[in-house]
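Dear colleague,

I am passing on the structure below, and after it you will find my notes on what came out of it. Please read them with the coordinates open beside you.

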Number of protein chains: 2
Amino acid sequence: MLGDKQDFTVDYKGDIFLAYEKLNPDAVIDTLPANYKDGSPSLQLYMKVLKDDRIVITANKAPLALAFKDIVGKGRVGFQATVMSGTPSINLFRVLPGSEVKRIRGILNGTTNYILTKMYNGLSFTEALKDAQTLGYAESDPTNDISGFDAGAKLTILANLMLNLDITIRDVKIEGIQNLDSAKRDNKKIKLIAYADEKTVQVRPVPLLPEDPLFSVDGVENGLEISTDIQTIVIRGPGAGPKNAAYGLLSDLILMTRGWY
Amino acid sequence: MLGDKQDFTVDYKGDIFLAYEKLNPDAVIDTLPANYKDGSPSLQLYMKVLKDDRIVITANKAPLALAFKDIVGKGRVGFQATVMSGTPSINLFRVLPGSEVKRIRGILNGTTNYILTKMYNGLSFTEALKDAQTLGYAESDPTNDISGFDAGAKLTILANLMLNLDITIRDVKIEGIQNLDSAKRDNKKIKLIAYADEKTVQVRPVPLLPEDPLFSVDGVENGLEISTDIQTIVIRGPGAGPKNAAYGLLSDLILMTRGWY
């Protein structure tokens with residue numbers, strides 16, 4: 001790889017648009033942090049890349065949460081890494097052709113799920129958040145996670161893709177976990193559940209019964225239930241981590257190189 | 001469809017080899033019952049179909065459990081419906097490219113899982129089996145299910161595909177549930193677990209802790225855990241049913257028509 005070379009130097013200065021022109025790549029892989037204000041500069045770059053009939057592969061949720069249909073309708077876009085990292089969510093849907101998704105329900109944010117797991121085990125919200133920050137699961141400003149916004153962005157992507165809705169993050173009803181004083185209610189465990197069907201798209205804390213398939217999705221693990229006209233299936237796995245995100249991108253790259261999508 | 005026509009008659013008599021010659025199809029879809037003696041007539045038909053560069057899509061486990069590498073190495077074969085019916089197992093693996101599977105672990109037989117769930121809730125083996133037969137989950141001769149053989153056949157297919165082993169059903173160490181007098185051991189729930197790694201391929205009853213992701217896979221549901229060099233993921237969903245099996249076949253047909261595999 002370019003960056004591995006001992007004598008590697010950046011031989012020009014400029015923004016990613018100039019880099020794209022100079023490098024003339026077959027595929028652009030976006031790992032920029034999410035900019036929910038307007039999706040720049042990724043959104044504008046995608047438009048150019050797709051217009052040039054090149055491939056976009058992204059772990060950046062913001063452009064898709066803001067303008068899903070504009071992007072995905074324009075060309076070849078891999079975005080497995082935006083939801084559940086390397087655990088197939090987007091790409092699981094790709095092997096479910098010809099069935100109609102009725103509703104989706106998931107635990108899509110590892111930070112809040114870690115905090116809720118700790119709270120279920122007796123910690124206060126503040127203690128659990130501190131614990132998550134110490135372990136690097138929560139950022140020093142954890143607002144996007146605990147407010148439910150990050151889960152909302154992921155739900156927006158899933159709802160556009162799987163339910164064929166035409167929504168942005170602004171259309172999602174979002175309630176976070178910041179006001180919870182417990183994650184236990186009788187024998188139920190409170191989880192931050194992202195839910196979407198044809199009429200409702202919302203993120204909010206929901207008490208789950210022990211027999212719920214998402215009940216045992218604890219810590220930083222993520223889980224997603226997809227109900228179609230045929231069946232209800234659930235997938236769970238790690239929802240974050242540098243290696244996992246890289247794998248999400250890599251799996252798209254391999255499958256797109258095979259011409260699958 | 002041919003069979004839907006009011007005036008439909010079979011205008012010739014003969015076996016499936018003659019039917020194949022006469023119909024000259026692009027794809028052969030096999031829903032014959034499993035013949036574990038020698039895989040005939042499906043195995044021989046597949047060889048002909050694949051030699052002709054046509055597609056095989058199958059819900060029939062026997063040929064693949066007896067001669068996986070001979071079949072899958074020869075051409076385009078869709079076999080999602082052989083393991084977990086319409087719940088992506090085979091096809092989940094197809095969207096996990098470039099990672100190395102270290103081990104797989106699953107509940108792959110709905111009949112035994114239904115019986116074990118009933119036993120966990122207090123029924124005897126005999127009562128639970130009778131219950132399963134009344135509901136149509138178990139056949140009048142349930143030997144293939146309760147002996148673990150059916151799960152072994154599915155494990156053979158998964159192990160060949162995901163771990164790249166070269167084995168047949170005869171290489172699998174199989175222990176069924178027929179000798180269990182309880183499905184509960186302390187706080188553990190006994191499940192019929194199909195397990196494979198590079199060295200071990202076996203089906204046997206295993207007590208699972210409540211925190212095990214397969215613990216809550218009850219009744220006729222199936223579950224599969226795939227551990228790779230990157231991550232451990234679990235998928236669960238219905239493992240049987242006519243609509244589900246048909247969907248398993250249909251999903252292969254659609255994806256193969258797109259040229260994915």
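I begin with a strand pairing in chain B of this model, which is a predicted one: B:Ile57 stands opposite B:Gly78, a residue of β3(B). The two strands concerned, β2 of chain B (residues 55-58) and β3(B), pair in the parallel sense, over two bridges. They belong to an open sheet of three strands in chain B, ordered β1-β2-β3, with parallel pairing. In that sheet β1 (27-30) and β3 (77-78) of chain B stand at the edges and have a single partner strand each, so that one side of each is left without a neighbour in the sheet. Helix α2 of chain B (residues 42-51) packs on the sheet and touches β1, β2 and β3 of that chain, and the direction of the helix makes about 150° with that of β2(B).

A:Lys61 lies in helix α3 of chain A, which covers residues 61-72. Its relative accessibility is 15%, and since buried means under 20%, A:Lys61 counts as buried. Leaving aside residues up to four places away in sequence, A:Lys61 touches A:Tyr36, A:Thr82, A:Asp150, A:Ala153, A:Lys154 and A:Ile157.

Helix α8 of chain A spans residues 149-162. Its 14 residues reach 20 Å from the first C-alpha to the last, close to the 20 Å expected at 1.5 Å a residue. Of these 14 residues, 13 are buried, so α8(A) is largely enclosed by the rest of the structure. Just after α8(A) comes A:Asn164, which takes a positive phi of about 55°.

For helix α8 of chain B, residues 149-162, the end C-alpha atoms are 20 Å apart, which agrees with the 20 Å that 14 residues should span at 1.5 Å a residue. Here 13 of the 14 residues are buried, so α8(B) is largely enclosed by the rest of the structure. The residue B:Asn164, which follows α8(B), has a positive phi near 55°.

Finally, the unreviewed UniProt entry places the feature "domain: Homoserine dehydrogenase catalytic" at residues 94-254 of chain A. Over that stretch of chain A the model is 33% helix and 27% strand, and the end C-alpha atoms are 14 Å apart.

With best regards

Technical notes
Residues numbered from 1 in each chain as written. Chains lettered and ligands numbered in written order. Predicted model: local features only at pLDDT ≥ 70, side-chain atom pairs only at ≥ 80, totals over all residues. Heavy atoms only, no water. Helix = DSSP H or I, 4+ residues; strand = E, 2+ residues; numbered from the N terminus. Expected span 1.5 Å × (residues − 1). Buried < 20%, exposed > 50% of the residue type's maximum accessible area, 1.4 Å probe, protein only. Pairing = 2+ DSSP bridges. Contact = heavy atoms within 4.5 Å. Axes fitted to C-alpha atoms, helices over the stretch in contact; angles between N-to-C directions. UniProt positions renumbered as here; feature names shortened; annotations may be inferred.
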